[in-house]
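Here are some notes to read alongside the structure. Keep the 3D view open and find each residue as you reach it.

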Amino acid sequence: MSTKTATGRSAQVEEILGAFGMRAGGTVSGVAYGGRFKEDAGGAPLETHDPTTGEVLAHVRTATADDVKRAVSAAHEAFAQWRLVPAPQRGEIVRRLGDGFRKRKEDLARLISLENGKILTEARGEVQEVIDICDLAVGQSRQLFGREIASERRDHRLVEQWHPLGVVGIISAFNFPVAVPGWGWALALVCGDTIVWKPSSLTPLISIAAQQIFHEVTRGTDAEHVFSLIIGGGSTVGEALVADPRVPLIQATGSCALGERVAIGVARRSGKAILELGGNNAVIVMADADLKLALRAVVFGSVGTAGQRCTSTRRLILQRPIAQKFLDQLVHAYRTIGIGDPLDEKTLMGPLISESAVKDYSEGLAEMQKQGGKVVYGGKVLADRTGYFVEPAIVKSTVDMPIVKEEVFAPILHVFEVDSLEDAVAMNNSVPQGLSSGLFTTDLASAERWLSASGSDCGISNVNAGTSGAEIGGAFGGEKATGGGRQAGSDAWKGYMRRQTNTINYGTQLPLAQGVEFPVD
Ligand code: UN1
């Protein structure tokens, strides 16, 4: 650690953990159901690390497959009552949840910065994202409506309504330890579902803190038992959750490989999945673009969160006339990025999450070079300090490099040159993933072509805005290998409910649809 003395740092760590009743080197339970933490959880012990120093932050008691069964049973039982609570009253609980996060915003942001390594402003933004989705869900709780459809039969009414679905399993990743699962909590709860949450084992303390907020907010209410936490490995806890037929929906965020396991596991029992998997997001900068705007968006997209967002910009496609100029400006901007302690307000890039993430970065870069990529900036692991720090890297690549089709979850940006918008769009669409994309141009026709049916094939497609940092009001998710799921705003709530079509005959005859005659005396 370069910016603080060891003692200063330890005091800071104690203070951050202390805000949630935890202490450095202590042991905490990562299992909670039925409204309380289980202090005797007996799964494999887990250590969580401070990515800034590499030191152990705390030890966590994890769930066994039996705990998962018990947590699902508790959630299943709670569902029987929770689904009967009027939706706007469920919304009231979610309003209090949002207020709970508002009250603890700074404490939680500091814990996120500590355990996840993202810089403070982004950590605050992440907690804000939970608050925002709670606000949205409160309004939504009064708007869970179906349609009335014109019936072809006299004296008949054809309607659809939406009912609570059941227990929702939420599997979330380290990179957005509260915002992305928060999209699920907020919507699932107003929709009348109960939740069993399996967060990433890389950020257990953050999820324990979130669970505490949940307990504080719901103690003594109808919602006391609706939210469970099961920290533990994917092969025990994750698989048990995915396989449980009492969990009709799994919301999962993570790699494409994880998504495949979840999709197959859930399909085996005809469950539903909302998947948000890998991205391989491109920004295209046309020669007529406002380059200043584009530069800021590309730097935030590629270096922000140390390149560990699913929406991080991984490919930069430059139109040839401005390519060299833009690349020079980008390299210049990269040089000014302060890398260091994420809790220091001046830092723009914190550490990667783990030693294995550093390995993926180094191996990814080595493979890119082997395949013909040229590193034009960065590429080094910062060995002058403790923790998991690397330089952000820019690599001049070619589309025929197989690794360009993969999501390397690290701050590495591939740069390409193209002649036309058509070539740029084809390049954007040439990877297996389809999450986010952005075009920078001042030409209206180019912008509209980009957004048309033959433009970007991604779930998120922007004009003069980068690939990351979406607002919660829109539906979030992507196509192809990204999994096709949609979360957060728009009508994503429908994914957390079951639709029922109702035909009501208020007449004295029984006319059959499609004109079928079936006389019975
Ligand atoms: C993710 O990285 O899994 O759009 C989600 C964004 C954030 C969410 C990222 N609002 O970058």
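1. Let us begin with E126. Leaving aside neighbours within four places in sequence, E126 is in contact with I112, K118, N175, F176, P177, V178 and A179; contact here means heavy atoms within 4.5 Å. You will find E126 in helix α5 (residues 120-140), where helices (H or I, at least four residues) and strands (E, at least two) are DSSP runs, numbered from the N terminus. With a relative accessible area of 1%, E126 is buried. The cut-offs are under 20% for buried and over 50% for exposed, with partly exposed in between (1.4 Å probe, protein chains only).

2. Before going further, please note that this is a predicted model, in which local features need pLDDT of at least 70 and side-chain atom pairs count only at pLDDT 80 or more, while totals for chains, interfaces and linings use all residues. Residues are numbered from 1 along each chain as its sequence is written, and side-chain values use heavy atoms, with hydrogens and water left out.

3. Which side chain does the side chain of E126 meet in a polar contact? The partner is the side chain of K118, at 2.6 Å. A polar contact is a pair of N or O atoms within 3.5 Å; within protein, one must be able to donate a hydrogen and the other to accept it, and residues adjacent in sequence count only if both atoms are side-chain atoms.

4. Now for the ligand. Around the ligand there are 13 residues, and R309, C310, T311, G469 and A470 come nearest; a residue counts as near if one of its heavy atoms lies within 4 Å. A nitrogen atom of the ligand is 2.9 Å from a polar side-chain atom of E129. For T311, an N or O atom in the side chain lies 2.7 Å from an oxygen atom of the ligand. For A470, a backbone N or O atom is 2.7 Å from an oxygen atom of the ligand. Taken alone, the ligand exposes 320 Å², and the protein buries 99% of that. Such areas come from the Shrake-Rupley method with a 1.4 Å probe; for residues, only the protein chains shown count as cover.

5. Next, step back to the domains. The assignment gives domain 1 (10-277 + 486-499) and domain 2 (281-478), with bounds that come from an automatic or database domain assignment. Their C-alpha centres lie 29 Å apart. The contact between them takes 36 residues from domain 1 and 33 residues from domain 2.

6. How many residues does the largest nonpolar core have? That core has 78, and those with the most contacts inside it are M22, F101, L108, L111, W185, L205 and I208. A nonpolar core is a set of buried Ala, Val, Leu, Ile, Met, Phe, Trp, Tyr and Cys residues joined through side-chain atoms within 4.5 Å. Helix α6 (residues 179-190) gives the most to this core, with nine residues. Each of domain 1 and domain 2 supplies at least three residues to this core. Apart from it lies another core of 58 residues, among them L291, M401, A410 and I412.

7. Not counting residues up to four places away in sequence, F101 touches L108, V127, V130, I131, W185, A210 and I213.

8. T253 lies in strand β11 (residues 249-253) and has a relative accessible area of 8%, so T253 counts as buried. Among the contacts of T253 beyond four places in sequence are I171, V180 and Q487. D341 sits in the loop between α11 (320-335) and α12 and is buried, with a relative accessible area of 1%. The side chain of D341 reaches the backbone nitrogen of L343 at 2.9 Å. D341 and I119 are 222 residues apart in sequence, yet 7.9 Å apart in space, C-alpha to C-alpha.

9. Finally, check two backbone angles. S490 has a phi near 55°, a positive value in a residue other than glycine. S490 belongs to the loop between β23 (487-488) and β24 (497-505). Is S490 buried or partly exposed? Its relative accessible area is 47%, so S490 is partly exposed. Q514 has a phi near 65°, again a positive value in a residue other than glycine. Q514 is in the segment after β24, and at 69% relative accessibility Q514 counts as exposed.
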